[in-house]
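Please go through the structure shown below.

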Amino acid sequence: MTARRSRSGIRRGRCPGSGHQRIAATAQAQHSSAVVRVLLIAYYFPPDGGPGAQRPISFARHLPAHGVACTVLTRTPPQRRTEFDPADTSALAKVETRARIVRAAPAASMAELLPALAAAGHAEIARERPDVVLVTMSPFELWRVAAELGERHHLPVVFDLRDPWALDGVVDYRTWWHWRRTFAEMRRMLRAASGVVANTPECRELFLRAEPRLAPERVAVVTNGWDAEEFAPPLPRVEPGELLRLFYGGSFICTQLYDTERLLRRLLGWVRHSPEPLQRSGRTPLHLLRAIRLLRERGEPAGREVRLCAMGQADPPLQRCVAESGVADAVELLGYRPHQAVVDGLRTADALFLTLHGLPPGHRSRIVPGKTYEYLASGRPILAGLPEGDAREFVTASPRAFVAAPCDDAGLAAQLVQLHARWRAGAFVEPAHAPRVERFERGALAGELADFLRGVVG
């Protein structure tokens with residue numbers, strides 16, 4: 001079995017000469033001009049903002065241009081919000097004219113929401129039968145709703161996983177047995193799928209290894225991406241000023257820096273299980289701030305002339321991390337802003353900061369931060385702390401990338417010195433796209449997703 005990757009980043013299993021493949025290809029050709037009706041189930045959807053909403057927004061916006069009519073089944077907006085679903089009312093205008101939106105009855109918990117979504121889904125299918133059910137997750141409990149709808153109405157079901165669920169080390173479990181139970185449920189989902197969409201090539205391979213009965217041709221890769229409307233030329237020129245403004249668009253995860261201060265967590269930590277051996281401090285600004293402090297101690301200009309501007313949730317753990325860094329004057333916490341403000345910020349920054357958890361040698365990261373693709377589209381230089389994996393490979397393809405291991409203070413300091421010197425010399429006034437960045441444009445990705453859905457329907 002071989003694999004093929006398309007120009008837009010989708011990878012599919014392929015079996016040369018397979019009768020199943022020839023039949024699917026014929027069906028796809030016969031139906032390529034017909035409208036495919038999709039029931040898209042999404043937990044996060046406008047007026048929800050934040051990273052979880054960006055992918056379903058992209059599907060609802062761009063699939064109609066490729067002959068796929070979307071009805072979105074989602075929850076009623078919650079009265080109380082968390083850091084994972086901040087309100088962004090501006091996002092609703094992007095989708096309400098392109099997709100029909102159906103909201104389930106209000107629910108106070110996931111236990112109430114799942115049957116409410118199922119009831120609304122049954123009613124919507126009876127009103128206008130779709131050709132396929134597409135569910136984007138997390139929360140991963142949604143797979144049961146989609147599977148129920150597919151089984152009851154004899155419809156194909158495609159599961160889109162924004163993260164690798166039981167294989168994602170960002171979430172740790174109370175014990176190995178708790179993780180194993182989740183892993184078993186993930187395998188049940190994979191076996192029930194008519195199609196699976198992973199958001200990184202690494203995750204596709206993980207899913208195929210986790211469930212050997214999953215046929216490779218049923219698994220596609222649709223990465224996250226960037227929107228052509230948000231990065232339309234001309235991109236702005238950015239002249240160097242007094243300070244190098246290093247922009248970070250997103251929320252750091254600093255809570256785990258201080259977990260061991262809790263006695264119960266410290267006592268029970270040895271029985272907890274993580275699917276990956278992560279160095280979690282990489283998801284924080286800790287190592288960048290240590291690098292800046294190191295440069296100041298050496299008397300390097302880069303230590304004095306860098307300002308980290310972070311636009312995302314500024315929770316107490318992040319504030320503490322900054323306050324205890326010794327270089328708090330080099331940080332500006334802007335708080336959460338709507339997605340368009342983040343785009344504006346990264347388009348006009350001197351440089352961008354990207355970081356991910358650390359991993360031991362020989363381990364590849366299973367995720368790519370969603371902001372990576374917009375960073376590449378902005379044309380701005382990138383200082384990145386990344387482990388081996390897809391994210392590092394995407395970023396290092398750019399000649400404007402300055403990359404070190406995420407938890408390597410000295411390595412980040414060395415890259416920051418190089419970045420600062422080239423910035424001061426005026427090397428980054430004009431924006432410059434990374435090579436082949438167009439493969440991550442969301443319209444192109446939606447076209448590849450539309451082709452995959454037609455293959456599933458066919």
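Which residue of β11 does Tyr248 stand opposite? Tyr248 faces Ala310 in that strand.

## Basis of the report

The model is predicted, and the values below are computed from it.

## The six-stranded sheet

Strand β10 covers residues 244-249 and strand β11 covers residues 306-311. Six bridges link the two, and the pairing is parallel. Both strands sit in an open sheet of six strands, ordered β12-β11-β10-β13-β14-β15, with parallel pairing. The edges are formed by β12 (331-333) and β15, each of which pairs on one side only. From one strand to the next, the twist averages 20°.

At one end of that order, β14 (residues 382-385) pairs in parallel with β15 (residues 401-404) through four bridges. To get from β14 to β15, the chain passes through helix α14 (residues 390-396), and this β-α-β crossover is right-handed. Within the pair, Gly385 has Ala404 of β15 as its bridge partner.

Helix α13 (residues 371-378) lies across β10, β13 (351-355) and β14. Its direction is at about 160° to that of β13.

Helix α15 (residues 409-424) lies across β10, β11, β13, β14 and β15. The angle between α15 and β15 is about 165°.

## The seven-stranded sheet

Seven strands make up another open sheet, in the order β5-β4-β3-β6-β7-β8-β9, and the pairing is parallel. Its edge strands are β5 (100-103) and β9 (219-221), and each pairs on one side only. Neighbouring strands in this sheet are turned against each other by 20° on average, ignoring direction. Helix α4 (residues 110-127) packs on the sheet and touches β3 (36-42), β4 (68-74) and β5. The direction of α4 makes about 150° with that of β4.

Strands β7 (residues 157-161) and β8 (residues 195-198) run parallel and are joined by four bridges. In this pair, Phe159 stands opposite Val196 of β8.

## Helix α9

Helix α9 spans residues 286-298, which makes 13 residues. From the first C-alpha to the last it reaches 19 Å, close to the 18 Å expected at 1.5 Å a residue. Which residues of α9 are buried? They are Leu286, His287, Leu288, Leu289, Ala291, Ile292 and Leu295. Gly299 follows the helix and has a positive phi, near 80°.

## Cysteines

How many disulfides does a search of the whole structure find? The search finds zero. A disulfide is a covalent bond between the sulfur atoms of two cysteines. For Cys203, the closest cysteine sulfur is that of Cys407, and because the two sulfurs are 20 Å apart, they are too far for a bond. The cut-off used for a disulfide is a sulfur pair within 2.5 Å.

Is Cys203 buried or exposed? Cys203 counts as buried because its relative accessibility is 1%. Cys70 is also buried, with a relative accessible area of 6%.

## Cis peptide bonds

Pro46 and Pro47 are joined by a cis peptide bond with omega of about 15°. Pro47 is in the loop between β3 and α2 (51-62).

Another cis peptide bond joins Ser138 and Pro139, where omega is about -5°. Pro139 is in the loop that runs between β6 (132-137) and α5 (142-153).

Trp165 is not a glycine, yet its phi is positive, at about 50°. This residue lies in the loop between β7 and α6 (176-192). Trp165 counts as buried because its relative accessibility is 9%, and the cut-off for buried is under 20%.

Arg436, likewise not a glycine, has a positive phi of about 60°. Its place is the loop between α15 and α16 (442-457). With a relative accessible area of 44%, Arg436 is partly exposed.

Technical notes: Residues numbered from 1 in each chain as written. Predicted model: local features only at pLDDT ≥ 70, side-chain atom pairs only at ≥ 80, totals over all residues. Heavy atoms only, no water. Pairing = 2+ DSSP bridges. Right-handed = clockwise from strand over helix to strand, strands pointing away. Expected span 1.5 Å × (residues − 1). Buried < 20%, exposed > 50% of the residue type's maximum accessible area, 1.4 Å probe, protein only. Axes fitted to C-alpha atoms, helices over the stretch in contact; angles between N-to-C directions. Contact = heavy atoms within 4.5 Å.
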